[in-house]
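Have a look at the fold below.

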Amino acid sequence: MTEERLQQDIFIWFVNTYPCKRGLFFHNYNNPRNAIQGAKLKTLGLVSGVADMTLLHNKKAYFFELKTPTGKQSKRQKEWEEQVTSNKFYYKIIRSLDEFKKEISYIYKANS
């Protein structure tokens, strides 16, 4: 399974399971196609290393970095994770749909 496929499976499951929360879970576009697009996107606020997906729930932000079972974070992703978690935000590396389901269940139960 690729990271892209994992992300598709997660997003489809989420919007089908929680349709009323559809706009609160989204992809963070942070992979420009080329250097020119990357330079332009940086002037628009692109930040290197940002997590793949964000969930907004109960006045909190939850960040999910999606990886294959053997995938590893880049140096910049690790730096961004440190920046986010040191500011008390939730950050989790997800490697499967089942793992994501468990995290969502925990988040919604803990904050209901």
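## A helix and its aromatic surroundings

Let's start with what lies over helix α3: the cover on its buried residues includes β3 (60–66) and β4 (90–94). Keep in mind that this is a predicted model.

The residues of α3 that are buried are Q77, W80 and V84. Because the arc they cover around the axis is only 65 degrees, they sit on the same side of α3. K75 and E82, on the other side of α3, are exposed.

How does the length of α3 work out? The helix has 12 residues (75–86), and at 1.5 Å a residue these should span 16 Å; the end C-alpha atoms are 17 Å apart, so the two agree. After α3 comes K88, which has a positive phi, near 70 degrees.

Now for the rings. The count of aromatic pairs comes to 14. In the pair Y62 and Y90, the planes are at 65 degrees; that is over 60, so the pair is edge-to-face. This pair links distant parts of the chain, with Y62 in strand β3 and Y90 in strand β4, 28 residues apart. Another pair, W80 and Y91, is tilted. Here too distant parts of the chain are linked: W80 belongs to helix α3 and Y91 to strand β4, 11 residues apart. Both W80 and Y91 are buried.

Side by side, the two pairs look like this:

| Pair | Centre to centre | Angle between planes |
|---|---|---|
| Y62 and Y90 | 5.0 Å | 65 degrees |
| W80 and Y91 | 6.1 Å | 55 degrees |

Y62 and Y90 also belong to one aromatic cluster, whose members include F11, W13, F14, F64 and Y108. The ring of Y108 has the charged end of K21 sitting over it, 5.4 Å from the ring centre.

What about Y62 itself, buried or exposed? With a relative accessible area of 5%, which is under 20%, Y62 counts as buried.

That brings us to I107, which is found in helix α4 (residues 97–110). I107 is buried, with a relative accessible area of 1%. Which residues does I107 touch, leaving aside its neighbours within four places in sequence? I107 is in contact with L55, H57, Y62, F64 and Y90.

Definitions and conventions:
Residues numbered from 1 in each chain as written. Predicted model: local features only at pLDDT ≥ 70, side-chain atom pairs only at ≥ 80, totals over all residues. Heavy atoms only, no water. Helix = DSSP H or I, 4+ residues; strand = E, 2+ residues; numbered from the N terminus. Expected span 1.5 Å × (residues − 1). Buried < 20%, exposed > 50% of the residue type's maximum accessible area, 1.4 Å probe, protein only. Arc of directions from axis to C-beta. Contact = heavy atoms within 4.5 Å. Phe/Tyr/Trp six-rings, centres within 6.5 Å; stacked < 30°, edge-to-face > 60°. Lys NZ or Arg CZ within 6 Å of the ring centre and 35° of its normal.
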